[in-house]
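Here is a short report on one protein model.

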Amino acid sequence: MNKFNLKSLNSSTTMTQILIHQAHCIATQDDQDRELKGGSILIENGLIKEVYTADQFQTSAKHLLSEVDQVIDARHHLVIPGMVNCHHHMVQSLTRAYLPVQNAELFSWLRGLYPIWANLRPEMVQVASKVAMAELLMSGCTTSSDHLYIYPNGVNLEDSIEAAKATGIRFVATRGSMSVGQSKGGLPPDRVVENEEAILKETQRLIEKWHDAQHGSMLNIAVAPCSPFTVSEGLMKESAKLARAYGVRLHTHLAENDHDIAYTLEKFNCTPTQYVEKLDWVGDDVWHAHCVKIDAPGIALFSQTKTSIAHCPCSNMRLASGILPLRKLLDAQVNVGLGVDGSASNDGAHMLSEARQAMLLARVAKSLEPFGCDTGPQEMTPRDALRVATRGGAQTLGRQDIGQIAKGYCADLALFRTDTLPMAGGSIHDPVGALLLCSSQLTDYTLVNGKVVVERGVFKPFELEPVTHKHNEFALALTQ
């Protein structure tokens, strides 16, 4: 039986109720974009049971203060929906800031790291994933995908799944793959690629064992061949067929930098977006990472087919890949979510910081044609950035139960203090604006599925110090 299904998560016969009371502000991100001053949120068994305005609570719900299991005094907090991370490579936290590739672009960076990652072991993946997930949770992210595409030495996707269970994060585990090595014209060394038949068989096994499509699911599986320069056309096509047979989502890297574009033009005689259209890798069940170099026909294609994009601004800047035309995509009604990307190309997994960078990069892009729409700072407002980080991410991952604070949605919430040094002054004028404009901070509380996983700035699921120590031991062993 699927360990993560909703029934098992909410099997307790005793209802657990939490009241988030009298918040400085609740940025609901609901259909009305309500921002509630002094509002309250009632949580019951993992779901949001009710959202109250200040007046509604005083009139009809004051009795809850003495009846619920826990009251979180939120008078000095901004409450937002838990942010959604749409693209990550969690094992890469073991090689972040690795000196030999600190100043490399994408292809050189990959060539330098493939041989390192070939030495990964299952316990390394488990610990690295715990570290990455804890970092996300403490930055206000409650749902994350992960793209694990290298499986040496007995590594499998269950190593990541066990880490998600330990941390309490809502998880989309993508079964990545590489099948075209250097001897066949691909980028990775032959020793890190897999047999395509075995890839498809293992992916099917994982879907059948772990994928949970229920409302409130804590675990989804997605199908994710790595990139056009690491897998064959055949594997891309068969992966799409497999995913659609099981009703799961599709994910890959696309149009990340100029070398990526050149490779696709040389090997397939078309642009990356033309390539994925030919392979039936467009649609509302597909999301592509990066798409920095997407062209106007590609934007139109993604708009028409409702294909989503995971925008990774920090990684794109770190590798000098370029700037996603974010405003043009949003104006064309292409859905965009955020991704922190791998911790060896971002070197961090701070989701709030990622949202802030997305906002700032979109603004500076205004002066750099063809990116901007000639609107200056209005290219991306703080509320636009928060929308991309929450509802945009939920839509990217195909979730109808997260990304906003509304009745019946999952109780995935991030509470940021408004009386801290970084927020001084700003939270008085506009707490939502200040969250994105002021220095990025960690959460005071993070709740996932109605469970408190960060409380008063302390990570609750396990002690971080011994895990971090073991992580550093593995990082050193991996690179020596």
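## Helix 14 and what follows

Helices here are DSSP runs of H or I with at least four residues, strands are E runs of at least two, and both are numbered from the N terminus. The model is predicted: local features need pLDDT of at least 70, side-chain atom pairs count only at pLDDT 80 or more, and totals for chains, interfaces and linings use all residues. Residues are numbered from 1 along each chain as its sequence is written, and side-chain values use heavy atoms, with hydrogens and water left out.

Helix 14 covers residues 382-396. Its 15 residues should span 21 Å, and the end C-alpha atoms are 20 Å apart, which agrees. The expected span is 1.5 Å times one less than the number of residues. At Val388 the helix bends by about 35 degrees. That bend is the angle between axes fitted to the seven residues ending there and the seven starting there. Buried residues of helix 14 include Pro382, Leu386, Val388 and Thr396. Buried means under 20% relative accessible area, exposed over 50%, and partly exposed in between (1.4 Å probe, protein chains only).

Seven strands make an open, mixed sheet in the order 3-2-7-16-17-18-19. Strand 3 (35-36) and strand 19 (458-459) are the edges, each pairing on one side only. Two strands pair if DSSP finds at least two bridges between them.

Strand 16 (residues 413-417) runs antiparallel to strand 17 (residues 445-448), with three bridges. Leu415 has Tyr445 of strand 17 as its bridge partner.

## Aromatic rings

There are eight aromatic pairs. The rule takes rings of Phe, Tyr and Trp (its six-membered ring) with centres within 6.5 Å; planes under 30 degrees apart are stacked, over 60 edge-to-face, the rest tilted. Trp109 and Trp117 are edge-to-face because their planes stand at 75 degrees, with centres 5.7 Å apart. Trp109 is buried at 3% relative accessibility, and Trp117 is buried at 2%.

Phe459 and Phe462 also pair edge-to-face, at 5.1 Å centre to centre and 75 degrees between planes. Lys130 lies over the face of Phe462, 5.6 Å from the ring centre. Such a charge has NZ of Lys or CZ of Arg within 6 Å of the ring centre and within 35 degrees of the ring normal.

## Cysteines

How many disulfides are there? The count is zero, where a disulfide is a pair of cysteine sulfur atoms within 2.5 Å. Cys141 has its closest cysteine sulfur in Cys86, at 8.7 Å, too far for a bond. Cys141 is buried at 0% relative accessible area.
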